[in-house]
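This briefing is for a reader meeting the structure for the first time. Please keep the sequence and the model in view while reading.

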Amino acid sequence: MTLARLAHALETGAIDLSSDARIVLLEPAPDADLGVIPARDVTVQHSFKPTYDLFDTQGVPVTTDATGPADIVHVTLPRSRELARGLIAQAEAIAPDGQIIVDGAKTDGIDAMLKFAKDRVAIDGQLSKAHGKIFWFGASGAFADCALPDPAPVTDAWITQPGVFSADGPDAGSEALIAALPKSLKGRGADLGGGWGYLTKHLLDNPSITHVDLVEADHRALTCAGLNLKNSADDRVALHWADATTWGVAGSLEWVVMNPPFHTSRTPDASLGQQFIQSAARLLKPKGTLILVANRHLPYETTLSASFSQVQELAGDPRFKILQADQPKSSDKPGRAKRR
Ligand SMILES: C[S@@+](CC[C@H](N)C(=O)[O-])C[C@H]1O[C@@H](n2cnc3c(N)ncnc32)[C@H](O)[C@@H]1O
């Protein structure tokens with residue numbers, strides 16, 4: 001994912017990139033090595049806050065909504081097919097007379113996207129490398145009808161957008177969590193990885209809850225959350241575009257509720273949920289409570305026992321487990337703020 005395919009295309013001269021070209025990269029991988037690009041005018045668009053911050057720290061101009069104008073737009077194929085097509089449509093809008101480069105892994109559907117593109121445009125070139133493909137063509141507006149739709153209501157009037165988690169409506173695990181949610185939660189808390197706001201909206205039904213911080217890294221999902229929560233006009237909620245593994249003040253919350261992420265791209269990754277659990281333990285007051293839902297097979301119990309004094313299964317079925325963890329253990333590990 002290091003832009004190896006683009007580097008190869010540049011090295012072999014298949015793609016010729018002038019140092020004066022204005023280039024925009026849409027959603028590159030966090031480990032993308034921008035050093036392979038000879039152009040001086042490089043902008044990155046990213047919706048995922050940890051990756052946005054990574055590029056920002058490197059001094060790369062980064063935005064959530066690139067508008068150009070540009071000469072070349074490089075699109076890294078995301079998991080969602082509709083989002084991928086939407087990004088190509090955006091690329092053509094950013095560089096209407098320019099070159100569009102589409103780059104992706106086989107597992108993210110690059111072959112299907114190449115086939116889809118061939119039905120619309122003349123492909124100028126393509127290369128295969130590193131379990132994926134890169135292809136390029138001149139912008140012509142041929143993808144205009146694929147533009148990412150604005151956030152819009154789906155099932156039960158929840159507002160979502162293609163590409164966000166559970167874009168078709170509420171996630172079954174989150175529904176199971178809400179069904180099992182203890183009524184005893186009160187005071188200030190957070191919904192870590194809050195997505196488009198399903199859990200937070202339900203948490204606000206409890207009048208004993210005085211404040212919910214919805215923390216979400218995906219800018220598009222957070223925008224949908226804002227729309228889903230706007231109608232309730234509830235001033236007990238705050239939205240944060242942030243990395244939940246580092247966000248917030250240690251020892252500041254009574255409770256944390258979450259359906260933590262369990263994938264990096266298409267690869268199952270339990271370490272993400274484990275980092276969320278550790279972050280919840282960091283954020284909670286000494287008598288605080290964490291409630292989470294997880295797919296039954298995910299190995300969270302060891303991390304929960306290491307981070308909390310009490311752990312129990314509140315509810316579950318063969319697919320999901322709803323876990324409650326109380327009383328975070330204090331930690332003197334370097335890099336972790338002590339609870340107050
Ligand atoms: C399993 S989904 C749950 C979404 C939502 N809570 C729900 O119930 O529908 C996990 C969410 O965590 C978000 N996420 C992933 N990594 C994150 C991070 N480091 N910080 C904050 N949110 C993150 C994802 O974008 C996704 O929306």
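L54 is partly exposed, because 18 other C-beta atoms lie within 10 Å, where a residue is called buried if 20 or more other C-beta atoms lie within 10 Å of its own, exposed if 12 or fewer, and partly exposed in between, with C-beta atoms placed from the backbone. This is a predicted model, in which local features need pLDDT of at least 70 and side-chain atom pairs count only at pLDDT 80 or more, while totals for chains, interfaces and linings use all residues. Residues are numbered from 1 along each chain as its sequence is written.

- L54 is found in helix α2, where helices (H or I, at least four residues) and strands (E, at least two) are DSSP runs numbered from the N terminus.
- The C-alpha atoms of L54 and D31 are 9.1 Å from each other, although the two residues stand 23 residues apart along the chain.
- The domain assignment divides the chain into domain 1 (4–146) and domain 2 (152–328), bounds of this kind coming from an automatic or database domain assignment.
- Between the C-alpha centres of domain 1 and domain 2 there is a distance of 32 Å.
- In all, 13 residues of domain 1 are in contact with 11 residues of domain 2, contact meaning that the C-beta atoms of two residues, placed from the backbone, lie within 7 Å.
- On the side of domain 1 that touches domain 2, the elements giving two or more residues are α2 (49–57) and α3 (81–94), and α3 gives the most, with three residues.
- By class, that side of domain 1 has four nonpolar, five polar and four charged residues; here Ala, Val, Leu, Ile, Met, Phe, Trp, Tyr, Cys and Pro count as nonpolar, Asp, Glu, Lys and Arg as charged, and the others, Gly among them, as polar.

**The nonpolar cores**

- The largest nonpolar core has 48 residues, and those with the most contacts inside it are L192, W196, V256, A280 and L290; such a core is a set of buried Ala, Val, Leu, Ile, Met, Phe, Trp, Tyr and Cys residues joined through C-beta atoms within 7 Å.
- Strand β16 (residues 284–295) supplies the largest share of this core, six residues.
- Another core, of 41 residues, lies apart from it and includes V44, A70, V75 and V102.
- L192 touches V215, A244, V256, M258, P260, F276, S279 and A280, when residues up to four places away in sequence are not counted.

**Helix α7 and A225**

- Helix α7 (residues 219–230) has 12 residues and reaches 16 Å from its first C-alpha to its last, close to the 16 Å expected, a span taken as 1.5 Å times one less than the number of residues.
- Its buried residues are R220, A221, L222, T223, C224, A225, N228 and L229, and what covers them includes β9 (159–160), α6 (198–203), β11 (209–216) and β12 (237–241).
- A225, found in this helix, is buried because 28 other C-beta atoms lie within 10 Å.
- Leaving aside residues up to four places away in sequence, A225 touches G194, G195, W196, G197, T200, L214, E216 and L239.
- The C-alpha atoms of A225 and L214 are separated by 8.6 Å, with the two residues 11 residues apart along the chain.

**The surroundings of the ligand**

- The ligand is surrounded by 20 residues, of which the closest are S174, G193, G195, A217 and A244, a residue being near a molecule or strand if its C-beta atom, placed from the backbone, lies within 6 Å of it.
- The elements that give two or more residues to this shell are α6 and β11.
- By class, the shell around the ligand has nine nonpolar, seven polar and four charged residues.

**Backbone features**

- Most residues other than glycine have a negative phi, and most peptide bonds are trans.
- A cis peptide bond, with omega about 5 degrees, joins G68 and P69, and P69 lies in the loop between β3 (62–63) and β4 (72–76).
- L3, in the segment before α1 (4–11), has a positive phi near 70 degrees and is buried, with 24 other C-beta atoms within 10 Å.
- S166, in the loop between β9 and α5 (172–180), has a positive phi near 55 degrees and is partly exposed, with 18 other C-beta atoms within 10 Å.
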